[in-house]
Amino acid sequence: MTKTLVLAAVLSLGVSAAIAQEHAGVSATLEKPDAEGQKPRATVSLAPYRFNDILWENDRTAHRIYGKALEANEPPSSSGIDAWGKQVRWPFMERQLKTGDQHRYHGEGLDFYDVGTARGAGGLGIWYDNKLWTSRNWTSWKLIKNGPDVAKFSVDYAPWPVDVNRKVWETRTFALPLGTNFTRMVSTIRSDKPGPLIVGIGISKHKHPGGPGVFRKDLAPGRVTYWEGAEPEKGSMGVALMVDPNSVVDVRSDFDNYLVLVKVMPGQPFVYYMGAAWDKGLDIHSQAEWDAYVAAQKPDFDPKH
């Protein structure tokens with residue numbers, strides 16, 4: 001495909017001229033799926049061809065977490081949550097990942113969010129002695145439902161130390177229905193010792209040319225939001241967390257993350273929500289729109305539901 005044709009195809013999807021110019025002639029656009037494949041769908045899949053990434057997406061947003069195999073191949077790898085920018089209502093993550101060049105724009109979305117060793121968009125750890133103690137990547141998973149109305153799965157995280165005082169381990173269920181930017185998670189953290197735990201749920205701090213971004217907290221309903229400073233070609237990602245306000249202890253930060261701290265008991269499941277939106281994507285195009293969308297949510301924090 002000529003550079004002119006690639007540029008025209010990219011612009012037809014409403015991406016800025018800057019992104020189009022950056023990627024024209026470098027990465028061909030993905031071939032569109034057939035009519036059935038273009039139907040909105042919530043989906044989850046394992047990517048053994050990419051070190052066992054788990055991918056999940058719906059008609060509004062897309063995410064990824066990393067498997068154990070990645071730790072040896074791309075150190076340092078982390079149990080943070082990745083967020084992808086999305087510009088189509090149908091699933092695209094698998095096809096983009098299989099290009100072997102997922103960080104390039106291929107016409108349907110963009111993988112540009114940097115997780116690194118931080119918590120990304122809603123990863124967690126145990127807050128103890130003013131430090132966040134985190135797990136490594138997931139060790140086992142279970143597919144619960146692969147669409148079309150909801151993507152649902154669970155993962156286990158192997159025991160990890162909290163200083164020298166105790167060990168903890170976690171099972172977490174993820175559920176992303178159609179029509180929302182929020183994944184609902186039910187986490188159960190167990191421990192080799194009794195007593196409450198303070199869990200820190202994080203959003204990565206990112207410094208971009210457009211500035212450090214804007215972090216907001218509204219603890220009465222248990223919500224925090226972060227609108228990143230813009231990258232000139234790639235735009236901004238908005239991330240939000242919703243937690244049970246009755247469990248909130250504080251909001252803190254470390255070098256890598258903004259953290260909302262919640263009190264939990266070992267063995268007792270608790271619910272939190274993580275959401276993300278890309279300003280060059282489908283539904284949210286500004287910080288004001290993102291804040292309004294988050295404020296309008298009605299989360300269900302009952303782990304039995």
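On a 1 Å grid over the protein atoms alone, I call a pocket an open set of points where a 1.4 Å probe fits, with protein on both sides within 12 Å along at least five of seven lines; its lining residues have an atom within 4 Å of a point. I join grid points across faces, edges and corners, and take a volume as the space filled by probe spheres set on the points.

**Ground rules.** I am reading a predicted model, where local features need pLDDT of at least 70, side-chain atom pairs count only at pLDDT 80 or more, and totals for chains, interfaces and linings use all residues. Residues are numbered from 1 along each chain as its sequence is written, and side-chain values use heavy atoms, with hydrogens and water left out.

I looked up the largest pocket and found about 290 Å³ of space in it. It has 19 lining residues, and Gly-37, Arg-41, Thr-43, Pro-91 and Phe-92 are the closest to its centre. β1 (43-47), β2 (53-57) and α4 (93-97) each give two or more residues to this lining; helices (H or I, at least four residues) and strands (E, at least two) are DSSP runs, numbered from the N terminus. I sorted the lining into 9 nonpolar, 4 polar and 6 charged residues. Here Ala, Val, Leu, Ile, Met, Phe, Trp, Tyr, Cys and Pro count as nonpolar, Asp, Glu, Lys and Arg as charged, and the others, Gly among them, as polar.

The second largest pocket holds about 250 Å³. Of its 17 lining residues, Tyr-66, Glu-74, Asp-114, Val-115 and Gly-116 are the closest to the centre. Its lining divides into 6 nonpolar, 5 polar and 6 charged residues.

**Strand β11.** Next I turned to β11 (residues 182-191), where 9 of the 10 residues are buried (under 20% relative accessible area, 1.4 Å probe, protein chains only). β11 pairs with β10 (residues 166-177) in the antiparallel sense over 8 bridges; two strands pair if DSSP finds at least two bridges between them. Thr-171 stands opposite Thr-188 of β11. The hairpin of β10 and β11 has 4 residues between its strands, and Gly-179 there takes a positive phi near 85°. β11 also pairs with β18 (residues 270-278), antiparallel over 6 bridges, and Thr-183 stands opposite Met-274 in β18.

**Cores.** Last, I checked the nonpolar cores (sets of buried Ala, Val, Leu, Ile, Met, Phe, Trp, Tyr and Cys residues joined through side-chain atoms within 4.5 Å). The largest has 50 residues, with Trp-56, Ile-65, Phe-174, Val-199 and Ile-201 making the most contacts inside it. Strand β9 (residues 150-162) gives the most to this core, 6 residues. A second, separate core has 13 residues, including Trp-227, Ala-240, Tyr-293 and Val-294.
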